[in-house]
Amino acid sequence: MIRIIHTPCSRANSAIDAGMTAIGWVGFVYLASSSILSISMASTLQGDAPSLSLVAPTLETLLIYLTIAAFNALLVVLWGTYHKRLFPPPRKVQARSAPDDAVTAADFALSSAQLHDVHDSRITVIHHTDDGEIAALQTDKLRIPPVSNSDIFDATRLA
C-alpha cells in the first residue's frame with residue numbers, strides 16, 4: 001500500500017478512524033441498496049420494467065456522490081504531493097567506518113602493544129596525568145577468549 005501521508009498515531013486513534021470509515025461505508029451501501037431496492041419494488045408493483053424516470057434520480061445522486069469522492073481524492077493527492085515536495089524526509093546519516101588501530105593508538109599516545117592489551121582485556125584502569133595524558137594502563141590478566149569462528153580460536157584449541 002502506498003501512503004501519501006503517514007502520521008504516527010496510537011492504536012486507539014487508528015481503531016476510531018477504522019470504525020468511522022466502516023460506519024461510513026455501511027451507510028453508503030445501505031443508502032445505495034435501499035434506493036435500488038425501492039426502484040425495483042416500484043417497478044414490480046407497476047408490472048413493467050423500470051423506466052428511465054424512476055432510475056434517473058438514483059443515478060443522479062450516485063453520480064453526485066462519485067463526483068464529490070473523486071474531487072476529494074484529487075485534493076488529498078495534490079495536498080500530499082505538495083507536502084512531500086515542500087518537506088522532504090531527512091536524509092539518513094551514513095555511519096562512519098571505525099578507525100584503524102594505528103590511528104587510535106596515535107590519538108591516545110599508546111603503543112600498538114598497549115592498544116592490543118586494552119582490546120584483549122575485560123577490565124582496564126587508566127591513570128591520567130594532571131594534563132589529561134595517559135600516565136599508565138592496568139589491564140587484567142584474564143584475556144577474553146577469541147570468537148569461536150576465528151582462526152585464532154582454532155589455533156588455540158589445537159595447541
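This is a chat about a predicted model of one protein chain.

Trainee: Morning! What does the secondary structure of the chain come to?

Mentor: Morning! The predicted model has five helices and two strands.

Trainee: And in what order do the elements run from the N terminus?

Mentor: The order is α-α-α-α-β-β-α.

Trainee: Got it. How much of the chain do buried residues make up?

Mentor: Of the 159 residues in the chain, 8% are buried.

Trainee: Let's turn to pockets. What volume does the largest pocket have?

Mentor: Its volume is about 230 Å³.

Trainee: Which elements give two or more residues to its lining?

Mentor: Those are α1, spanning 11-46, and α2, spanning 52-86.

Trainee: OK, and which one gives the most?

Mentor: That's α2, which contributes six residues to the lining of the largest pocket.

Trainee: Handy for setting up probes. Now the surface: which residues form the nonpolar patch?

Mentor: The patch is made of W25, F28, V29, Y30, L31, I64, Y65 and I68. Together they have about 850 Å² of accessible area.

Trainee: Nice. Which element supplies the largest share of the patch?

Mentor: Here it's α1, with five residues. Both α1 and α2 supply at least two residues each, though.

Trainee: Let me pick one out. Where does I64 lie?

Mentor: I64 sits in helix α2.

Trainee: And why does I64 count as partly exposed?

Mentor: Because its relative accessible area is 46%, and partly exposed covers the range between the 20% limit for buried and the 50% limit for exposed.

Trainee: Clear. Changing topic: what is phi of A109?

Mentor: Phi of A109 is near 55°. That's a positive value, and the residue is not a glycine.

Trainee: Where in the chain does A109 lie?

Mentor: You'll find A109 in the loop that links α3 (101-107) and α4 (112-120).

Trainee: Is A109 buried or exposed there?

Mentor: A109 counts as exposed, because its relative accessibility is 59% and the cut-off for exposed is over 50%.

Trainee: Great, thanks! I'll go and look at that loop in the viewer.

Key: Residues numbered from 1 in each chain as written. Predicted model: local features only at pLDDT ≥ 70, side-chain atom pairs only at ≥ 80, totals over all residues. Heavy atoms only, no water. 1 Å grid on protein atoms, 1.4 Å probe; cavity = no way out; pocket = protein on both sides within 12 Å on 5 of 7 lines; lining within 4 Å. Points joined across faces, edges and corners; volume = space filled by probe spheres on them. Helix = DSSP H or I, 4+ residues; strand = E, 2+ residues; numbered from the N terminus. Patch = residues over 30% accessible without salt bridge, like charges linked within 9 Å, V, L, I, M, F, W, Y side chains within 5 Å. Areas by Shrake-Rupley, 256 points an atom, 1.4 Å probe, with all protein chains shown as cover. Salt bridge = Lys/Arg side-chain N within 4 Å of Asp/Glu carboxyl O. Buried < 20%, exposed > 50% of the residue type's maximum accessible area, 1.4 Å probe, protein only.
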